[in-house]
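Subject: Structure for you to look at

Hello,

I am handing over the structure that I have been going through, and my notes follow below it. Please keep the sequence and the 3D view open while you read.

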Amino acid sequence: MRADAAPFTDRIGILGAGRAGTALARAAATVGIPVNIASSRSPSQMKYHLAQYAPQATAVEAKDIGTGVSLVVLMVPQDDLDDVDVGSLAGLTLIDATNRWDDAPLPGWLEDGLAAGRSSSEVIAEHFHSSRLVKALNHISHWDLDSDSSTLQTQQRALALASDYKADAALVARLVSTLGFTPVLVGELAKGGLLEPEGEIFNQVLSPAQLRTLLHES
Ligand SMILES: NC(=O)c1ccc[n+]([C@@H]2O[C@H](COP(=O)([O-])OP(=O)(O)OC[C@H]3O[C@@H](n4cnc5c(N)ncnc54)[C@H](OP(=O)(O)O)[C@@H]3O)[C@@H](O)[C@H]2O)c1
């Protein structure tokens, strides 16, 4: 992304209000990005949870997470993906920040896709076929998403993204940059496996140069 690109200021939606979702909401609030957030509970049921973990976020129903936002970040466990309404995310840029863990149960369509040798990013993109998917924000821990606890100075730390949609990848790169990290596009979604738990980038604190070297070697 160009260094002079405008900061990201649009409202975003975060689906999932657990460790990752609320950490992203706090990081967004720090840089002035407004957030709508939803979980499987209603806004009133989330009231005390959000007061503690994401006090500046606006709670909405999960079915409304795509309303009035320029993108949605998917931050629910993969085994819960069958409960996410695909139609409610239609036409949106969708950041897939989910991860596949060996021992976790999965929806049948995801198990089948993985058994066929595909990355979870590709199978999830197919499932959310009416959204434009960008794999990103999954390979950093919720601790490091909180902007004051990064292990490298935030502007040095690279965050990778992969997508088949250039304009959507550029939008997400602008969000990542505004959050204080350096976005590095690793390529099309087929490369998304590099960002996943078995991939070489996962949970690594890398500078942009280190990340590019690693991509070169893989
Ligand atoms: N933890 C991390 O450091 C980290 C970092 C990057 C990415 N991720 C990925 O982000 C995802 C969530 O991880 P987590 O650690 O935040 O999990 P978590 O703490 O267990 O939180 C999961 C959240 O998802 C919500 N949820 C479940 N089904 C939902 C649905 N159908 N619609 C809306 N919300 C739903 C839950 O809501 P209820 O509580 O109301 O059921 C809860 O708020 C995983 O795929 C994980 O791999 C995690």
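The residues of the shell around the ligand divide into 11 nonpolar, 9 polar and 4 charged, where Ala, Val, Leu, Ile, Met, Phe, Trp, Tyr, Cys and Pro count as nonpolar, Asp, Glu, Lys and Arg as charged, and the others, Gly among them, as polar. Please bear in mind that this is a predicted model, in which local features need pLDDT of at least 70 and side-chain atom pairs count only at pLDDT 80 or more, while totals for chains, interfaces and linings use all residues. Residues are numbered from 1 along each chain as its sequence is written, and side-chain values use heavy atoms, with hydrogens and water left out.

The shell holds 24 residues, and the closest to the ligand are Ala17, Ala20, Ser40, Arg41 and His142; a residue is near a molecule if one of its heavy atoms lies within 4 Å of it. An oxygen atom of the ligand is 2.5 Å from an N or O atom in the side chain of Ser40, and for polar backbone atoms the distance from a ligand oxygen is 2.8 Å at Ala20 and 3.1 Å at Gly18. The protein covers 82% of the 910 Å² of accessible area that the ligand has on its own, an area that comes from the Shrake-Rupley method with a 1.4 Å probe.

Two residues are worth a look for their backbone angles. Most residues other than glycine have a negative phi. Leu137, however, has a positive phi, near 65°, and it is found in the loop between β6 (132-135) and α5 (142-145); helices (H or I, at least four residues) and strands (E, at least two) are DSSP runs, numbered from the N terminus. Asn203 is not a glycine either, and its phi is positive at about 60°; its place is in the loop between β8 (182-187) and α7 (208-217).

Are these two residues buried or exposed? Leu137 is buried, with a relative accessible area of 3%, whereas Asn203 is partly exposed, with a relative accessible area of 43%. Here buried means under 20% relative accessible area, exposed over 50%, and partly exposed in between, with a 1.4 Å probe and protein chains only.

The loop between β8 and α7 also holds Ile201, which counts as buried because its relative accessibility is 1%. The C-alpha atoms of Ile201 and Ala158 are separated by 9.9 Å, and these residues are 43 apart along the chain. Gly199 lies in the loop between β8 and α7 as well, and at 17% relative accessibility Gly199 counts as buried.

Finally, please find Thr98, in the loop between β5 (93-96) and α3 (108-115). Thr98 is buried, with a relative accessible area of 2%. Which side chain does the side chain of Thr98 join through a polar contact? The partner is Gln78, at 2.9 Å; a polar contact is a pair of N or O atoms within 3.5 Å, and within protein one must be able to donate a hydrogen and the other to accept it, while residues adjacent in sequence count only if both atoms are side-chain atoms.

Best wishes
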